[in-house]
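My entries follow the structure shown here.

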Amino acid sequence: MWRTPSAATSTTNLGNIDLKSSPVMIPLASQRLPIEPSSDTQSQSRPSRLRSPWPCSILTAFTTLLASIVLFFILRSFSDRQIGGAGCGIPVMSPSFLHMVGFDTEHTRFASKYNLYLYREQGIDPYTHENLGLNGVPVLFLPGNAGSYRQVRSLAAEASRHYSDVIRHDHERLATGTRSLDFFMIDFNEDMAAFHGQTLVDQAEYVNEAVAYIFSLYHDPRRSWRDPELPDPSSVILVGHSMGGIVARTALTMPNYQANSVNTIITMSAPHAKPPVSFESDIVHTYKKINDYWREAYSETWANNNPLWHVTLISIAGGSRDTVVPSDYASISSLVPETHGFTVFTSTIPNVWIGMDHLSITWCDQFRKAIIKSLFEVVDVRRASQTKPRAQRMQVFKKWYLTGLEPVAERTLSQKVPNTLLTLEGQANTILSQGQRLTVRELGQRTGPNVYLMPIPPQGVSGKKFTLLTDQPFERIGSQGNLEVLFCTVFPPHDGKPSNVLSMNMEFSGDSVGSTHLACKNAADDSIHLPASTPSSKHAFDRAQPFSYLQYDLEDLAEHQFVAVVDKTHAPTKGWVLAEFSDSSDAVIRARIGLGSLLGAGLKVRLPASRPMLTEVKIPALHSSLLDYKLKIVQRDHKGQQELFAPLLRQSIPDPHESKFFINVKEVSVNLHGLAPFMPPPLRDQAALGGVSFQLWTDPSCGSTVDISLTVDILGSLGELVMRYRTVFATFPVLVISLVLRKQFQVYDETGYFITFAEGLDRTLRSSLPALLLSMSLLASSLATSKALPSSDDPFHWRTNSTESPVDFTKNDLLLGSQDSFFWFLVPLFGLISVGVCVIVNYMVLALLSTFSSIYGVLKSKSGYIRRDDKG
């Protein structure tokens, strides 16, 4: 601190000086002091004292208290947020890793830094030191930031065991080119690829060199047991976890990439859209180069000009349980068109139905089974690419990873030909009237098989839909089951021998002469699995037999006349079936309500007792990932009839493909990954703005009404700010500190005093900070309502290609990155929190320094006497 001489001393010294005769130069301020003391001089001439850094103004204290309260609720909300249960099964494995020592400096300049391994499952995969036992399709696993190559063991073990137990005994699949999966993996030596762009590029270069070396192993008969009649592999499947998924995409942009050497990429919790940490400029620049390359490739009009035309990219996100990488960043809608890839959440995948954290996504037993089964279905060793064509791969991935309820889900019924002849007698079977609901509360009500025949309404009625739900699995062709669903047309006799025309004959007419012949198709391939919902159910991922569900639009059944539900049980058996044709006017409710109305009064809907089995509530206003909601479902006025199943709820958004299932639902917390901050816009104006859809399955046969209420969970929404605005929480305090330093130096220039941090913050709160936050709030609101690029600023000429209109992929990079002006208030909120954090940190540092100085003083005093120089 500055010390100033006292006023008395200054006057005395000046009085002893002859101003006219002395050659000494006197400062102007000192010359003016005895004549006309100024107010500044009076303040400087006060007795010297050290200024204490501890005092705090009332305004600063009140702001800090308010910020602490808000920060407490944010952190509490984040820790208590609804992320779903931990229901992953534990995998079984016996891993063995073979180091590819031949992949040395002769093949890559990174041989001393990175390593290549081959996985072999002990007791299942045969191999020797001379022969690696390569017999299938090469798959290369890439670990993430500081990740271990050993994370592949759960996937690779399942691949080996599934091939050994199932596929190698299935001669039909072997004949169509299905073989084992040879899992290779790269040890990146736990490099920090998320924080350094050059490391990311180095790893991608090494991947391409590793791919070339893997191909050479299959060319060597001493290393492989592969059938010599099959073509040598010319392509590998890449599986990347976290930043490993970004390395996989980067490899395709590198100069040493061999064309068509990669055609399938599956990533898990990979931040495709944005770097997870954007403080390092090199990683931001590298990300931009990678994403621009992919966007420009898919902007080409002709497939021959697109180097990525053959590539399919599937991005799988863990959801809210992942607190390392925001699952919003896993979206690839701004990079890849729907024909070449999609983003899906683990809670969407059939028979998985669970969110996963950043590490469990690599080993979760239910999830790894789905991944491996899908990979086995896309491989085809009869082709040099080792996989099926791109369109067929996309069909397989949609079948395995989507629920089947999405608009992009494909039905196979129209592609089939009738293969079953159903012969019926009108008196012996149940024929329902037009529009009547089929309700079977128990199977085997008759002594023998029974057929329920439902007439299909005539075409031309828009919005009609057929739905069927049962707790029984559907019987497939060649298998045995209790229930079979067929879609039939009247079959005219052919040469008097109708039973000889189709491959299967189902006779239910006895010896009756006036029987009806129907040519039918089995619908089991279009079966949709839904989690079982009973009064005792707790979680969607419980190990229970799932419900079987069918859903068709009336247009999909244009060539059919009847739906035949065949009960094949011979004795009373537990099991139920509900089937009906419903109108969209009864089954679909569109809520025209805004966020303001939701905040004020919420949404309330009552479903009548005469409702259809499936009711869908669409709320376009629910599209932001920053808000949480509370949904309550209450059933009233039961008519004494026991319900067949408990209410089942599906929450979904169309892009990315995120579905969550809630069983035995009464009250749930709703959060989603829709429009998120800092996310680039999609290639097309996709359906994300369509909002959230709630599909509710209830038993209408029990005659109860259902009340649905939805309210905004304000406290729960605070926790969503942590993952979406991690960088903002780090940068806003820097802004506050900069303003305080500016004020401190400004005061110092004016008075010669360097004021304390607390005093500088108090003056900042009273002057520049409120004005700055107000202007930033207006800027954030303006950026949220900005339009797309003008045609003159279109860098990729999007108007002339598949996207049809220019897209500014950087428009959400500034400030809050929000696409909704509703959230303008976040700027002053973050400013308030930053002020509180700065004050708390300031006093923590002061307390720490005071403690250390006290300790130092005690230790110094005990070390000996303090010497003093006496100079008389």
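The model is predicted, with local features needing pLDDT of at least 70 and side-chain atom pairs counting only at pLDDT 80 or more, while totals for chains, interfaces and linings use all residues. Residues are numbered from 1 along each chain as its sequence is written, and side-chain values use heavy atoms, with hydrogens and water left out.

I then traced the partner of Lys521: its side chain meets that of Glu559 in a salt bridge of 2.6 Å, N to O. I took a salt bridge to be a side-chain nitrogen of Lys or Arg within 4 Å of a carboxyl oxygen of Asp or Glu. Lys521 lies in strand β16 and Glu559 in the loop between β18 and β19, so the pair ties together parts 38 residues apart in sequence. Strands (E, at least two residues) and helices (H or I, at least four) are DSSP runs, numbered from the N terminus. Glu559 is partly exposed, at 45%.

I noted 30 salt bridges in the structure. One of them joins Lys274 and Asp813 at 2.8 Å, N to O. Lys274 sits in the loop between β6 and α9, and Asp813 in the loop between α18 and α19, so this pair links parts 539 residues apart in sequence. I recorded Lys274 as buried, at 17%, and Asp813 as partly exposed, at 33%.

Conventions: Buried means under 20% relative accessible area, exposed over 50%, partly exposed in between (1.4 Å probe, protein chains only).
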